[in-house]
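Subject: Structure handover

Hello,

Here is the structure for your files.

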Amino acid sequence: MTRLSAPLATTLAAAFLFLSGNAGAADPDIVSTKENRHLYAGNTAVGVTPNGRRFRVFFGADGKVVYNDSKGLSQTGTWIITDDGMMCYDWRKWKDRCYAHKESGGTYQSLRDGKVKGSRFVLQKGNVGLK
């Protein structure tokens, strides 16, 4: 497994950042706790990082998460949705974080602390690979 620099790891992890549940309550575009569980379990987030890397993150229904990108970087961990709607990651080697998602026209944006973080992505059914 390739060790990432702190800025790159932050950029990659930011692909899924979320905002606090309280802030999300005021914004109808923030994905709810119930929607999060339904949308992510067993599906893959696919997008491109700000530095041009195509990425995929598979969210196993068993709570496992797997990240891969077009430069060969990979990471594993676990994911959960908290009662207040936060998606939290426990990565093996990256900094653990919790985020909210905002949806617009089928595209998702990651947020943390009310600010956009990371990449836009779409969700695809099942465990899809990079193309």
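The notes below cover the strands, the aromatic pairs and the disulfide.

The model is predicted: local features need pLDDT of at least 70, side-chain atom pairs count only at pLDDT 80 or more, and totals for chains, interfaces and linings use all residues. Residues are numbered from 1 along each chain as its sequence is written, and side-chain values use heavy atoms, with hydrogens and water left out.

Strands

Strands are DSSP runs (E, at least two residues), numbered from the N terminus. Two of them pair if DSSP finds at least two bridges between them. Strand β3 (residues 64-69) runs antiparallel to β2 (residues 54-59), with five bridges joining the two; F55 stands opposite D69 in β3. On its other pairing, β3 meets β4 (residues 74-81), again antiparallel and over five bridges, and here Y67 stands opposite Q75 in β4.

Both hairpins have four residues between the strands: in that of β2 and β3, G63 takes a positive phi near 90°, and in that of β3 and β4, G72 takes a positive phi near 90°.

Buried means under 20% relative accessible area, exposed over 50%, and partly exposed in between (1.4 Å probe, protein chains only).

Aromatic pairs

Rings of Phe, Tyr and Trp (its six-membered ring) pair if their centres lie within 6.5 Å; planes under 30 degrees apart count as stacked, over 60 as edge-to-face and the rest as tilted. Searching the whole structure gives eight aromatic pairs. One of them, F59 with Y89, is tilted, at 6.2 Å centre to centre and 45° between the planes. F59 sits in β2 and Y89 in β5 (residues 87-91), 30 residues apart. F59 and Y89 are buried. Y108 and F121 are stacked, at 5.7 Å and 20°. Y108 lies in β7 (residues 107-112) and F121 in β8 (residues 115-125), so this pair ties together parts 13 residues apart in sequence. Ring pairs link Y40, F59, W79, Y89, W91, Y99, Y108 and F121 into a cluster.

Disulfide

With a disulfide taken as a pair of cysteine sulfur atoms within 2.5 Å, the count is one. C88 and C98 form it, with sulfur atoms 1.9 Å apart. The torsion about their S-S bond is about 115°, so the disulfide is right-handed. C88 is in β5 and C98 in β6 (residues 97-104), 10 residues apart. C88 is buried at 12% relative accessible area, while C98 is partly exposed at 33%.

Regards
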